[in-house]
Amino acid sequence: FYVWGLGSDDAKVADVSKNIRYSIRFDKANATLEFNRDVRDPSGRLSLSLPSTFGGGGKRYSDGQVILTMTSLREGGEATQSQFAYNFTPDGFEPYLRRTRVEMGPHSVALICSTSRDGRLESQMVMLSDDQSSVVLSFMGPVQFRDKIKFLRETIVSKSHWAGKSSDD
């Protein structure tokens with residue numbers, strides 16, 4: 001929908017957005033998302049538990065509002081997290097929060113939160129690292145779903161764990 005909206009008349013986009021916004025409710029206080037879809041990042045090192053409402057596979061998942069993309073890196077450690085947090089910005093986005101060490105559940109992660117220059121999209125990127133590798137989880141969706149993105153980001157990262165190489169399991 002939002003990709004379609006980028007090339008459409010603003011009034012039409014506003015009308016369709018209003019209908020979607022009023023038909024879908026997300027309230028963090030009474031959210032009943034079941035995090036029961038177990039997946040791994042493309043390298044097989046990080047195991048995640050996603051809501052059952054997320055579809056997709058490989059490195060990209062979505063529930064129709066929020067997109068989660070996983071990118072595996074061959075570098076790990078705190079220096080990699082620091083370089084990521086201070087030197088990376090997604091194309092077309094302006095960061096409003098950069099942190100090299102944020103505690104999320106059992107993990108200490110790097111975090112970059114940004115908004116697209118046109119003010120429509122929210123991106124929240126988390127880098128999890130062990131000594132050997134890193135995985136960047138990119139959560140993206142319409143800016144009005146910022147709270148939902150934050151809730152999903154914190155919950156998914158908190159429930160994730162390093163699983164070792166997939167050939168060892």
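**Close-up views of strand S2 and its surroundings**

**View 1. The pairing of S1 with S2.** In this predicted model, strands S1 and S2 run antiparallel and are joined by 5 bridges.

**View 2. The open sheet S1-S2-S10.** The sheet is open and consists of 3 strands in the order S1-S2-S10, with antiparallel pairing. S1 and strand S10, which covers residues 161-162, are the edge strands, each pairing on one side only. Between S2 and S10, which run antiparallel, there are 2 bridges, and here Ser 47 stands opposite His 161 of S10. In general, the strands of a sheet pair through backbone hydrogen bonds, in either a parallel or an antiparallel manner.

**View 3. Helix H4 lying across the sheet.** Helix H4 lies across S1, S2 and S10, and its direction makes an angle of about 140° with S2. S2 itself is mostly covered, since 6 of its 6 residues are buried, that is, under 20% relative accessible area.

**View 4. The surroundings of Leu 50.** Once the neighbours within four places in sequence are set aside, Leu 50 is in contact with Glu 34, Phe 35, Asn 36, Arg 37, Val 39, Tyr 61, Leu 68 and Ile 156.

**View 5. The nonpolar cores.** The largest nonpolar core holds 25 residues, of which Leu 48, Leu 50 and Leu 137 touch the most other members. Two or more residues are given to this core by each of strand S1 (35-40), strand S2 (46-51), strand S5 (67-73), strand S6 (93-104), strand S7 (107-116), strand S8 (121-129), strand S9 (134-142) and helix H4 (146-159). H4 gives the most, with 5 residues. Apart from this core lies another, made up of 7 residues that include Phe 84, Ala 110, Met 125 and Val 136. In soluble globular proteins, nonpolar side chains tend to be buried together.

Definitions and conventions: Residues are numbered from 1 along each chain as its sequence is written. This is a predicted model: local features need pLDDT of at least 70, side-chain atom pairs count only at pLDDT 80 or more; totals for chains, interfaces and linings use all residues. Side-chain values use heavy atoms; hydrogens and water are left out. A nonpolar core is a set of buried Ala, Val, Leu, Ile, Met, Phe, Trp, Tyr and Cys residues joined through side-chain atoms within 4.5 Å. Buried means under 20% relative accessible area, exposed over 50%, partly exposed in between (1.4 Å probe, protein chains only). Helices (H or I, at least four residues) and strands (E, at least two) are DSSP runs, numbered from the N terminus. Contact means heavy atoms within 4.5 Å. Two strands pair if DSSP finds at least two bridges between them. Axes are lines fitted to C-alpha atoms, for helices over the stretch in contact, and angles run from 0 to 180 degrees between N-to-C directions.
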